Structure formats: C-alpha cells, structure tokens
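This report describes selected features of a predicted model.

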Amino acid sequence: MALLEYAIIGGILYGIFFSLVGVGLNLIFGVLRMINLAHGQFIVLGGFGAWIVYQYLKLNPAFGIVLSIIGAIIIGYPLYWAVVPRLQKSADPEMLSFILFFGLAQMIDAAMILGFGVSQRSVPTETLGAGNIGLLGQTFPDSWWVAAAVAVLAILGLYLFLTRTRLGFATRAVTANRAEALASGIEVDRISLLSFVIGLALAGVAGVFIPFLLGSVSPSLGDGLTTTSFAIIIIGSLGRPIGTVVGGLVFGLGTMLMETYLPSWSDLVPYALLVIIVLVRPSGLLGRAVRQT
Amino acid sequence: MPSARPDQIRQPPLRDGIILIVVLAVIFLVAPKVYGNQSLLLVMMTFVALAQGLNLLYGFTGYLPFGYVGFFGAGAYGMSILVLHAHVPAIPAVIGGGIVAVIFGVILGPLLRLSGAYFSIANLATAQILLLAVANPSLTPLTGGPYGLKLQQVFAPGAAYLTMLVIMLLATVIAVYFRRSRFGLGLRAMTDDRVSAEMAGINIVRARLIVWLISAAIAGLAGGAYAWSISVYYPDAVFGTNISVFAIVFALAGGVGTVIGPIVGAILLYALYNAIGITVPQYFELLYGFLIVILVLFLPEGGLSLLRRRGVDVL
C-alpha cells in the first residue's frame, strides 16, 4: 500500500509540474494555431539558465525563472516578427510552422551542444531546500514541492490573466476565432506576439526545474520533452491552456505508477498515451473539438 | 478515378523518367569503381530511397511521417530476425523486412484518420515505441535488446550494395509512376481539394492507405538492406530519429511532389554532410536547421521550384 501511495502522491506532484511543461505549447497553439516544435528545446534552455545562475552567478537557481522570462522576451520578439507573419500568410500555416520550428529545434540543439557540450549538468537539490516534505507518510524532496508550487502559481496566473483581464479576454477571442477577433477590432498581431512570448517564458520557467525533477539537464532532452508536452496537451485538449492540468496529471500518475510497478517499460508512457488518446479521442479528454479533420 | 483525361494535364513524358532511372543506375554502378568508400555510397542510396519513400507519402498526400524511421527499423530488425532465427537467406530476408514494415503499416493505418501535425507527432510516437520495445532488455533473446544484433554469417557487402541500388531504383520508378499516372493525379486532387476529389469518385481512404503501405515497404526494404550491409548494429542505428530527420530535410530541400527533388536533395546534402558533418556533426545540424527555416519561409516547394518558376518543367 505504501508503494501505491508513494506512486500516487509522487505522480500528482510530477504531473502538476508537467502541466507547466506543456502549458506554453498549448497557449501558442491555441492563439497562433502553430505548433512550436522547438518547445522542448526552450525548456532545456531554461534548465541551462538555472544551471548558469547556480554555477557562475552563485545565486539560487530559482533566479533562473527571472532569466527565463528575460530570455523569452529577448528571443521571442525578434523570432516572432521574423517568422510568424510570413507563416500566417502561407498556404498551410499549421504544417509549415511545424516544419519550421522543427528546423529551429535542430539549430538550438546544435547551438547548445556547441556551447555546453553533450554532458549532463546537474544542480544540487539542496539549493531549493535540503529537507523532505512528507504527506501521508510519503516524503519527497523539497525541490519537487517547490516545482509543483511554482507550476500551480504560473498556471493560476495564466488562468486569472485569461479570465480577468481585457488582454486575456482578447486572447481568448483570438483563440476562439481569429477572423472574428480581427473583425471586432482586436489587435490580433499584438495578442499573438504576447502569447508567443508568454508561451516561451512558461517553457523556460518549467525548464528551471528540469535539473531537479529529471536529475540533470542536457541538450538531448529537448525532443523528448516536446513529444511529452504534446502528449500532455492532447490529453487535456489542444488550445485550452487550463485543460493542460488534466493532461499533466494523467501523464504524471501514469509515469509514476509504471515506474513503481513496471519500471523497464515506463519510458513508453508518454508515447503510448499520445497514440491512444489521439486515436480514441483526438479532441482530448475534456473534449471540445478545436479543429475538424 | 478522376474524369479528366490525362492529356489535359501537363505530365512529364515517360522518356524523362526512363532517362532518370538509367542515369541513376549508371552513377551508382560506376561510382564504387571510381570512389573507394562504398559504404558511404550505400548510405547515400539509402537516403535517396528514404527521401523518395517519404516524398511519395508527403509529396503526394500531404501526410508528413515524422516517425518514418519506424518502418526502416522494423525492416532492419525483421530482416535480421529472419536471418538469425529462421535461417532465411539474405535477399529473401530483405524482402521479409519489407513485409514486416508493411504489416506495421497496416497496424498503424488508423493514424491516417488524423491530419496534419497530429499525424506527424503520433507517427513519431509510434516509432519511439518501436525503438523502446526492441531495445528493451526483456526482449534480448529475440532482438538483442540494447546490445544490438550481429549478422556476420550473411555478410556480403557487394550483394547488399546491389540490393540497395535496386530498392532505390524501385522507389524512383514508383515516384515516376505517381507523377505520370491517373492514380498520382488523383492523389494530387485529394491534397488540393478533398471534397471535390471525393465527388470525382476517388476513394480517398483506400488511395492514401495504398500510398502509406508503399511508402512503408520502401523504408522496410531499405532498412533490411541497410542492416545486411552494416552487419552489426545497435537499436539507435536503425531507429534513431535523425534518420527520419535526414529523410525529411533531404526531400524538402530538393522539393517534394517531384521525382528529382528528393534525389538531388539527398545526394547533395548527404555529400555535404560527409564533407563537413562527420567530425563536428553540430555544424551540419546548425546548417540544416537553418536551411529548413529558410526553405519554409522562402522556398516551401524546395530548391527545384526555382527552376519551375523559370518555366523549366521538372520531372
């Protein structure tokens, strides 16, 4: 029984964190109708940010969050203007953006390897609290609780932004129907740009905790994180940032249960979930069809 | 099948196709005599075949298979297991590898219900599942698990080279057929306008399943011949995502939907990769990542579309 409790509580913490991993990808898809296939690479960049903050600036790696947000602004603005408007005008924005961001992912991967090497970098877990916090007799390192707490705050913040502010209303209007939003005077380009930068920032913030949750950060993690994020946001239904939480929890619990009972096959979890969900319910568990096939 | 008469649509003459196939065959038959590194030429042919197989699917139906390498790996493992456990001779085993890939294609057929990026990502996930399955230590008796397989008892580099040549030419012949036939025309009509194509009597579901299986067969055959030629390999060598990536980049760079595009793209870029990519592969990765971005933004129809814009008809 203790094993099951450990798997379930661990799965919930892990899952909440992975909601944060996926939510940026979902926001960008919802608003821009583009798939940021370099999402995982931006997460890894956030992880390296935390490592740099710890290793060279001798600060608490949590300052990586600030660095990620600044990085998202510095990278996001020029990147958006360089590629997005041109893609929106193309014949098939969704598929072409998919390929383009894939190329970008390759560039970031290569640049990271040239810059940091292929080795895995870790940050000592004590930097986010040396203790373990227990619940129902099961203990987890402080860093897991911090990661889950930051994830909850970030997603709650996004939720409040989308439901309580004018810009948030406009963002949801663009998500629901781009053409009508444009017709009703919403500055669609500005909203898209903002969502793109927020999406990258969320990826970077999630990345800060990657060295703690996955043990280390290395350039090779990017593609796997992209696929995992995609699985999570499809489970929670594409284009609905808040639904990502459901996807994260399903993924977290699935992974932890597999790691507890069938460890040699636990790597399969995100891929198997992805294929099953996509075939059984392409609109996600929360099921509002966002696109017609 | 479409009601339009073939002569109403500009189609490249058959002569061009025959010339192309002969030229390709001669190049790769003569090259090993001039250039000593036969294994490099074999890998080049492998990528020509893969880029062409991917082009059949993406260029003619719009489905971009990110997990295309799954069929390649399935063919490699299918061929090897037939040789090692059933003692089948190499060439029938390569064909067996193709059949294994087709069987996987049938199993994965439901993926075709998905469209666009959904299909691509789900396909990538299935290739990852195959990789994790064959590399799983609990399957070591059958697949060698993470330790890979050895096929030294059938080692015959010359015969493997010729087999790969035949597979590459087969892929080219099929591409020529797609460019010239009513079937290919129907496929294009499907991609352009699904509903009208359906109205014109094209059985969309069946047509794209056929293309999917042909494309799977080519990758499976290529995988089988590749396994035969390298003889000793680990799961990553035949299931690595970078194999799909190369096939996609090569096909896109030359131009999908044409016959020559993927061939030119694969030969030029693979040669470039060997010139600059072997010692520090990241420089090549950086370069082709950039190439993809530029192609999508400025030349979404590939390098050969530069010629087409000038009115040169490209096969």
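## Contact between the chains

In this predicted model, 35 residues of chain A are in contact with 32 residues of chain B. On the side of chain A that touches chain B, helix 3 (64–88), helix 4 (93–116), helix 10 (222–235) and helix 12 (269–280) of chain A each supply at least two residues. Helix 4 of chain A gives the most to this side, with 16 residues. Sorted by class, the side of chain A that touches chain B comprises 24 nonpolar, 6 polar and 5 charged residues.

## Residues with positive phi

Two loop residues deserve attention for their backbone. Arg33(A) has a phi near 55 degrees, a positive value in a residue other than glycine. Arg33(A) belongs to the loop between helix 1 (2–32) and helix 2 (39–55) of chain A. Is Arg33(A) buried or exposed? Arg33(A) has 20 other C-beta atoms within 10 Å, and it is therefore buried.

In chain B, His87(B) is not a glycine, yet its phi is positive, at about 55 degrees. The loop that holds His87(B) runs between helix 3 (69–86) and helix 4 (90–107) of chain B. His87(B) counts as exposed because it has 10 C-beta neighbours inside 10 Å.

## Helical residues and distances in chain B

Val205(B) is found in helix 10 (residues 204–230) of chain B. Val205(B) has 12 other C-beta atoms within 10 Å, so it is exposed. Gly186(B), by contrast, lies in helix 8 (residues 182–192) of chain B and counts as buried because it has 20 C-beta neighbours inside 10 Å. For each of these residues, a C-alpha distance to another residue of the chain is tabulated.

| Residue pair | Separation along the chain | C-alpha distance |
|---|---|---|
| Val205(B) and Tyr234(B) | 29 residues | 36 Å |
| Gly186(B) and Ile103(B) | 83 residues | 25 Å |

## Helix 14 of chain B

Helix 14 of chain B covers residues 281–298, 18 residues in number. From its first C-alpha to its last, helix 14 of chain B reaches 25 Å, close to the 26 Å expected at 1.5 Å a residue. Which residues of helix 14 of chain B are buried? They are Gln282(B), Phe284(B), Glu285(B), Tyr288(B), Gly289(B), Leu291(B), Ile292(B), Val293(B), Leu295(B) and Val296(B). As background to reading such a list, an α-helix has 3.6 residues a turn, so residues three or four places apart point the same way.

Conventions
Residues numbered from 1 in each chain as written. Chains lettered and ligands numbered in written order. Predicted model: local features only at pLDDT ≥ 70, side-chain atom pairs only at ≥ 80, totals over all residues. Helix = DSSP H or I, 4+ residues; strand = E, 2+ residues; numbered from the N terminus. Expected span 1.5 Å × (residues − 1). Contact = placed C-beta atoms within 7 Å. Nonpolar A, V, L, I, M, F, W, Y, C, P; charged D, E, K, R; others polar.
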